[in-house]
Amino acid sequence: MQTVGQSAVQAELRFPAGFVWGAATAAYQIEGAVSEGGRGRSIWDTFSHTPGRTADGDTGDVACDHYHRYAEDVALMARLGLAAYRFSVAWPRIQPDGTGPANPAGLDFYDRLVDTLVGHGIDPIVTLYHWDLPQALQEQGGWTVRQTAHRFAGYAELVHARLGDRVRTWVTLNEPWCAAFLGHTAGVHAPGQADPAAGFAAAHHLLLGHGEAVRGLRAAGAERLGVTLNPAAVRPADPQAPGDVAAARLVDGLQNRIFLDPMFGHGYPADVLAVARRFGPTDWLQDGDEATIAAPLGLLGVNYYAPAVVAARPGEPANPTYPGSEGIGFIPSPGPATEMGWAIEPAGLTGLLERLARDYPGVPILITENGAAFADRPDAGGRVADPRRIAYLDGHLRAVHAAIDRGADVRGYLVWTLMDNFEWAEGYRKRFGLIYVDYPTQRRVPKDSAWWYRDLIARGGLAAPRTGRE
Ligand code: FCB
């Protein structure tokens with residue numbers, strides 16, 4: 001076992017008392033066992049089994065086999081000292097066809113997982129939707145139709161009825177921007193559509209499903225209800241250039257304000273609705289929807305990986321992920337990047353948190369994901385040295401601390417991710433885990449970053465600033 005850092009060292013940078021340290025995962029990325037316990041098919045089963053959709057044709061059929069190995073995985077979390085664990089419930093395990101009564105075997109799995117977590121003193125944080133829509137609902141239109149929002153709220157109540165006595169924190173959706181736009185306009189995620197009108201309809205029905213679920217779970221007595229977004233830290237390439245500033249404002253609308261404004265009770269931003277109207281009628285927006293979507297939040301989950309820099313670039317075709325972005329260039333950062341090609345820029349996180357605190361005040365923030373892909377492997381002695389991940393996490397925690405110092409109400413931090421897993425369209429090539437997974441044997445090997453995180457949790461903060469030699 002390798003140890004990085006000394007738990008005995010006095011914390012250089014302490015976090016507020018009660019700050020929650022944890023890690024996050026998602027069902028389809030780790031569970032495997034796709035045909036067990038009465039689970040139905042999801043859109044990610046269909047998508048990953050479609051030739052050409054994922055790197056190496058990888059699927060989540062086996063993934064980390066967490067469905068069978070959850071007890072071992074929870075024991076590892078306990079060794080790291082995690083106070084909280086965010087996982088997602090696979091809707092098709094609970095309702096194989098997306099509707100009707102709960103499948104008891106599906107609920108039983110999460111019941112066992114929650115009991116095991118609680119037994120180790122780890123607080124479960126449940127994400128109700130991390131992208132694995134039942135395929136049967138997709139065949140009726142998926143998120144592009146209104147019915148799916150109602151179905152989602154019904155499913156949420158089934159899960160809450162079973163787990164609500166032990167789960168205090170509920171996250172309705174994970175990154176609805178990805179589900180809507182990567183899934184329906186860029187087509188790089190399930191269900192693989194490339195239709196801007198479908199993207200906006202999906203975004204609205206995700207928002208509506210969120211609002212209905214919050215309302216239902218609040219009535220059922222849920223303690224803390226929130227949502228996880230991936231707000232972009234978007235900035236103009238030249239802050240003095242009006243064209244660049246306008247470009248940044250539009251992208252901010254298409255990724256951030258489209259979700260944040262209605263959820264915080266401001267209704268849809270006019271500039272975003274104007275873009276949506278270019279692609280078709282916005283008749284998905286019905287009377288009363290904005291009030292439903294504005295159901296009060298007890299928590300705002302923020303996933304942050306990298307900033308976005310944009311500039312006016314006349315003639316540039318629209319980025320398919322951002323319908324209406326003709327004439328906008330997405331500028332690659334010149335600095336260091338992770339193996340996703342995502343720029344490493346912790347200051348972007350500080351700026352984002354300050355902006356959220358300023359424009360959307362009053363709701364506590366939890367960093368529900370932050371982490372980095374680097375493909376470090378075990379050396380001859382079995383150790384996985386991953387200094388770049390440690391440096392990434394260290395830098396981003398300093399960035400969170402700076403935002404707290406400037407008044408952002410950040411209550412905790414969850415690393416993405418506990419262990420290497422199925423990274424969606426990137427398959428198994430991209431390794432984000434604190435724990436290395438040897439897929440052929442399913443052996444778990446905590447990386448140096450896992451022990452570094454354990455030591456950090458034990459001391460309640462960061463040790464002396466890193467020297468850059470690591
Ligand atoms: C986020 C997803 C998560 C994982 C990370 C790398 O967008 O929520 O499942 O794929 O990116």
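Predicted model: local features only at pLDDT ≥ 70, side-chain atom pairs only at ≥ 80, totals over all residues.
Residues are numbered from 1 along each chain as its sequence is written, and side-chain values use heavy atoms, with hydrogens and water left out.

**View 1. The largest pocket, with about 1,100 Å³ of space.** On a 1 Å grid over the protein atoms alone, a pocket is an open set of points with protein on both sides within 12 Å along at least five of seven lines, and lining residues have an atom within 4 Å of a point. Grid points are joined across faces, edges and corners, and a volume is the space filled by probe spheres set on the points. There are 42 residues in the lining, and W177, N230, A306, Y322 and W342 are the closest to the centre. Two elements, α8 (176-184) and β9 (308-312), each supply at least two lining residues. Helices here are DSSP runs of H or I with at least four residues, strands are runs of E with at least two, and both are numbered from the N terminus. By class, the lining holds 26 nonpolar, 12 polar and four charged residues. In this scheme Ala, Val, Leu, Ile, Met, Phe, Trp, Tyr, Cys and Pro are nonpolar, Asp, Glu, Lys and Arg are charged, and the others, Gly among them, are polar.

**View 2. The second largest pocket, at about 300 Å³.** β7 (234-236), α10 (242-263) and α13 each put at least two residues into the lining. α13 gives the most, with six residues. The lining splits into seven nonpolar, two polar and seven charged residues.

**View 3. The largest cavity, with about 50 Å³ of space.** A cavity is a set of grid points where a 1.4 Å probe fits but cannot get out, and the count comes to two cavities of 30 Å³ or more. Around the largest cavity sit I43, W44, Y129, W131, W143, C178, A179, H184, H189, A190 and P191. α2 (43-48) and α8 are the elements that give two or more residues to this lining. α8 turns up again as the main contributor, with three residues. Nine of the lining residues are nonpolar, two are polar and none is charged.

**View 4. The second largest cavity, at about 30 Å³.** Its lining is made of A27, Y28, E31, G32, V34, R39, G60, A90 and D132. By class, that is four nonpolar, two polar and three charged residues.

**View 5. Helix α13 (residues 346-359) alongside helix α14 (residues 387-405).** Their axes come within 8 Å and cross at roughly 25°. Axes are lines fitted to C-alpha atoms, for helices over the stretch in contact, with angles from 0 to 180 degrees between N-to-C directions. α13 and α14 are therefore roughly parallel, a label for angles under 35 degrees. α13 passes α14 in a right-handed crossing, the term for a near helix turned clockwise from the far one by less than a right angle. P346, L349, T350 and L353 of α13 meet G395, H396, A399, V400, A402 and A403 of α14, where contact means heavy atoms within 4.5 Å. The contact has seven nonpolar, three polar and no charged residues.

**View 6. Helix α9 (residues 196-219) crossing α10.** The two axes come within 11 Å and cross at roughly 35°, and the crossing is right-handed. F200, A203, L207 and H210 of α9 make the contact with L254, I258, F259, P262 and M263 of α10. Eight of these residues are nonpolar, one is polar and none is charged.

**View 7. α10 packed against helix α11 (residues 270-278).** The angle is about 95°, with the axes 9 Å apart. That makes α10 roughly perpendicular to α11, a label covering 65 to 115 degrees. On the α10 side, look for R249, L250, G253, L254, R257 and I258, and on the α11 side for D271, V272 and V275. By class, this contact has five nonpolar, one polar and three charged residues.

Definitions and conventions: Parallel < 35°, antiparallel > 145°, perpendicular 65-115°, else oblique.
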